[in-house]
Amino acid sequence: MSVSIAFQTDKPLSAYGPLAAAAEEGGFDGVSVFNDMLYQPAWLPLLEIARATNRVRIGPAAVNPFTCHPINIAANIALIDEASQGRAYLGFARGAWLDFVGLEPQRPVLALREAMLAVRYLLLRSTEPLVGEIFPLAGGDALRWDAIRPDIPFLLGSWGPRMIRTGLDLVDEIKLGGTANPAVGSWFRSQVGDAPVKLVAGAVTVVDEDGAAARARARREVALYLPVVAELGPGLGIDPELLAALRAATARYDFEAAARLISNDLLRLIAFAGTPTDVADQALDLFAAGVDRVEFGTPHGLTEKTGVRLLGERVLPALRHR
């Protein structure tokens, strides 16, 4: 049973080290950093986190090869792995909101597989050519310094059945983002069969002694991505008219209106929200359903500092005790 925490890259650079150190002291197994469009790139926050921690596994969840070429992905993760003394992992994803910069990836399943292969070749410092339609390597040269660990573990963030099956032989973990739905356990195993890949489930997290206030904050946070994940995986059973109303509200950036459309039952499937006991119960349901790692996502609490503290002091002990 592994539990990690993930931070959004919307903070002063000086904030990441103390937050990660508090998470490590609180007992988390890993610290992830999002790499979402229009936020800070994950690499410098990860460097601060590497310097401030000694034990936790760290990495970006996740980078895409369309805004950051595999050569840059390989170089950056090698440096993060060196700074953390071999504690890094590398998350890949197709990426969302790419249309903001006019990107419409062609053949994204093939592109992501080729990107992962290219990064692995580069970390291995292979000078052999790598044949590819989208991300080929000509060979004859390699990274011009030694990466301390060429076998850095890979994670794939995806809900797409084709994408998942295409990456099974290249990754150690697959993350289903935006979900706290126990039904993902059986759905995931139906996609991967007996492949020895681990399942990670992560979602917006808001924990507070005032459960109602935590759920109200969580509704506003999930309104942004709910239209993206509403019909993924095992599905949430959202009424089509409700989904249309949610999409209309988020399209005009009226997240307050979208939040009012999200019931408690729906919220429980897409976010960890409520008192420490509520959140611990949700995580336990996921572990019982076959999830290998739960990742508590931003903003963690009514304030991030309070949320990180409550997760470490109240939620993690409850998980490990039960």
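1. The lining of the second largest pocket comprises 4 nonpolar, 2 polar and 4 charged residues. In this classification, Ala, Val, Leu, Ile, Met, Phe, Trp, Tyr, Cys and Pro are nonpolar, Asp, Glu, Lys and Arg are charged, and the others, Gly among them, are polar. The model is predicted: local features need pLDDT of at least 70 and side-chain atom pairs pLDDT 80 or more, while totals for chains, interfaces and linings use all residues. Residues are numbered from 1 along each chain as its sequence is written, and side-chain values use heavy atoms, without hydrogens and water.

2. This pocket holds about 220 Å³ of space. A pocket is an open set of points on a 1 Å grid over the protein atoms alone, with protein on both sides within 12 Å along at least five of seven lines; a cavity is a set where a 1.4 Å probe fits but cannot get out; lining residues have an atom within 4 Å of a point. Points are joined across faces, edges and corners, and the volume is the space filled by probe spheres set on them.

3. Helices α1 (16–26) and α13 (304–321) each supply at least two lining residues of the second largest pocket. Among the lining residues are P18, L19, K305 and R309. Helices (H or I, at least four residues) and strands (E, at least two) are DSSP runs, numbered from the N terminus.

4. The whole structure contains 1 cavity of 30 Å³ or more. The largest cavity has a volume of about 60 Å³, and its lining includes W159, N181 and I270.
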